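Work through the exercises below with the sequence and the 3D structure at hand. Try each task before reading its solution.

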Amino acid sequence: MTEPHEPALDQIRALPSWLLNRASARGRRLLTEAFAREGLRMPHHAVLAAVADSGPVAQAALGRMTGFDPKDMVGILNDLQRAGFVTRTPDPGDRRKNAIALTAEGRSCLHRLARLGDEANEALLGALTPAERQQFTALLARVAEEREQGPVA
């Protein structure tokens, strides 16, 4: 029940879920603006990183790793291939599949995006000390961790 002296909107604005949503929106905006300087979006960065981590990888496996819908993955890969950042070649193990690999320019782009991402996160967490940033990130990781919860009593 809302206390008479506390306005309802103030109560909402104090909720952790509200604050996380606002911080998330600010973080997305900062990253979107940073990656736009390279003509790319956050999904491009995620796919480049996944390809860098996995070497030549099947397109379907790449979709599972990143969580992107197959139709969206096709568009993202089209953009990255057109820019010269990835190659698509028939998978030697199964010619019906494409193997996606990072090019030298793709690796260079990934490094630039990582630097831009670091700058955006620096702006996002600029009000915190280094120790607070470390603690905040650790706490967010715990909150974001999905756990099976029992029934609420």
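Predicted model: local features only at pLDDT ≥ 70, side-chain atom pairs only at ≥ 80, totals over all residues.

Residues are numbered from 1 along each chain as its sequence is written, and side-chain values use heavy atoms, with hydrogens and water left out.

**Exercise 1.** Find which residues of α3 are buried (under 20% relative accessible area).

Solution. Step 1: helices are DSSP runs of H or I with at least four residues, strands are runs of E with at least two, and both are numbered from the N terminus. Step 2: α3 has 13 residues. Step 3: its buried residues are His44, Val47, Leu48, Ala50 and Val51. Step 4: they lie on the same side of α3, because they cover an arc of only 165° around the axis, taken from the directions from the helix axis to the C-beta atoms. Step 5: these residues pack against β1, α4, α5, β2, β3 and α6.

**Exercise 2.** Locate the residues that touch the most other members of the largest nonpolar core.

Solution. Step 1: such a core is a set of buried Ala, Val, Leu, Ile, Met, Phe, Trp, Tyr and Cys residues joined through side-chain atoms within 4.5 Å. Step 4: neighbours within four places in sequence aside, Leu80 is in contact (heavy atoms within 4.5 Å) with Leu40, His44, Val47, Leu48, Phe85 and Val86.

Technical notes:
Buried < 20%, exposed > 50% of the residue type's maximum accessible area, 1.4 Å probe, protein only. Expected span 1.5 Å × (residues − 1).
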